[in-house]
Amino acid sequence: SVFEASESGKMSWREESTFKRSSALTDEEKEFLKIAKKLRDILKLEEKALKGEALDKTQQGKVDGRDSLLKDVAALAAKLPPETEVLEKNADIADLLPSTALSKIDKARRQELERRERKVVQEEKKKEVGEFMIRHDRPILDITISPDLKYLFTCSKDKYVLCWSMANKLLQVVTTFAGHQGAVFCVDMCPGPCGLASGAADGQVLFWQAEPAKLKKGVVAYSANKLDHGGIVKVLRWCPFEAGASGGCRYPARAS
């Protein structure tokens with residue numbers, strides 16, 4: 001349980017209140033610690049009363065306010081961030097709360113953790129989904145041209161490879177190639193299926209269907225195949241077949 005005490009079972013108030021820098025605490029955590037101190041003072045007064053010592057009016061008023069403070073601390077505990085250590089470090093106060101309140105708090109913390117985990121997964125999925133780019137957002141690192149001299153391919157630190165049509169004086173992006181998870185350092189082109197290859201900081205060499213006649217305007221394309229190079233790929237070139245062979249260049253000659 002998150003409410004279990006430490007191995008020793010005992011901890012001074014100074015140790016409990018200084019386990020985390022004040023500046024790093026949330027407002028709820030700070031308020032929880034303030035109320036926890038008040039409750040400990042009340043517990044000491046109750047011990048005095050049990051020993052037969054008389055309490056003055058002010059002290060008795062504090063004791064009478066115990067239930068109200070417990071409600072306040074239970075409400076605050078439910079608002080504490082999931083990663084908080086306040087409850088663990090103040091197990092003596094947590095033990096004063098009803099079991100039903102502890103169950104609700106524990107459930108709320110689990111739900112918040114699950115919500116945050118789902119958010120992280122969603123953010124990661126967003127990164128994997130490419131976005132059509134009308135230009136690069138970061139510096140261009142390499143370029144290559146299609147065999148028919150009608151298209152220019154560029155790669156960039158923004159993780160994308162872009163295909164530009166050179167039909168007009170002002171170049172326009174036709175297709176965005178997405179899939180790399182790091183800066184794309186090199187790109188090369190040769191005739192045939194999967195003739196476009198790119199290498200990046202993520203250690204991947206990606207191969208793309210990029211035949212000019214089959215390129216669709218305004219779409220995001222993903223790699224048809226890939227090679228895990230195992231390290232940053234900064235140089236990539238296709239290797240031609242032996243002289244006289246058909247099909248042009250079909251082997252990656254170098255990836256380094």
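This is a predicted model: local features need pLDDT of at least 70, side-chain atom pairs count only at pLDDT 80 or more; totals for chains, interfaces and linings use all residues.

Student: OK, what is the strand order in the open sheet of 5 strands?

Tutor: The order is S1-S2-S3-S4-S8, and the pairing is mixed.

Student: Which are the edge strands there?

Tutor: Strand S1, residues 140-145, and strand S8, residues 219-222. Each of them pairs on one side only. From one strand to the next, the twist averages 25°.

Student: How do S4 and S8 run, parallel or antiparallel?

Tutor: S4, which covers residues 172-178, runs parallel to S8, and 4 bridges join them.

Student: And which residue is the bridge partner of alanine 178 in S8?

Tutor: Tyrosine 222.

Student: Next sheet. What is the order in the open sheet of 4 strands?

Tutor: That sheet goes S5-S6-S7-S9, with antiparallel pairing. Strand S5 (184-189) and strand S9 (225-228) each have a single partner strand, so one side of each has no neighbour in the sheet.

Student: By how many degrees are neighbouring strands of this sheet turned against each other on average?

Tutor: By 15°, with direction ignored.

Student: How many bridges join S7 to S9?

Tutor: There are 4, between antiparallel strands, with S7 spanning residues 204-208. In one of these pairings, glutamine 204 has aspartate 228 of S9 as its bridge partner.

Student: Switching to helices. At what angle do the axes of H2 and H3 cross?

Tutor: Roughly 115°, and the axes come within 9 Å. Helix H2 is residues 27-50 and helix H3 is residues 57-64.

Student: Is that crossing left-handed or right-handed?

Tutor: H2 passes H3 in a left-handed crossing.

Student: Which residues make the contact?

Tutor: H2 brings Ile42, Leu45 and Glu46, while H3 brings Gln59, Lys62 and Val63. By class, the contact has 3 nonpolar, 1 polar and 2 charged residues.

Student: Last topic, the second largest pocket. What is its volume?

Tutor: About 150 Å³.

Student: Which elements give two or more residues to its lining?

Tutor: S4 and S8. The lining includes Thr175, Phe177, Val219 and Ala221. Also among the lining residues are Gln209, Ala210, Glu211, Lys214, Leu215 and Lys216.

Student: How many of the lining residues are charged?

Tutor: The lining has 3 charged residues, along with 5 nonpolar and 2 polar ones.

Key
Residues are numbered from 1 along each chain as its sequence is written. Side-chain values use heavy atoms; hydrogens and water are left out. Two strands pair if DSSP finds at least two bridges between them. Axes are lines fitted to C-alpha atoms, for helices over the stretch in contact, and angles run from 0 to 180 degrees between N-to-C directions. On a 1 Å grid over the protein atoms alone, a cavity is a set of points where a 1.4 Å probe fits but cannot get out, and a pocket is an open set with protein on both sides within 12 Å along at least five of seven lines; lining residues have an atom within 4 Å of a point. Grid points are joined across faces, edges and corners, and a volume is the space filled by probe spheres set on the points. Ala, Val, Leu, Ile, Met, Phe, Trp, Tyr, Cys and Pro count as nonpolar, Asp, Glu, Lys and Arg as charged, and the others, Gly among them, as polar. A crossing is left-handed if the near helix is turned anticlockwise from the far one by less than a right angle, and right-handed if clockwise. Contact means heavy atoms within 4.5 Å.
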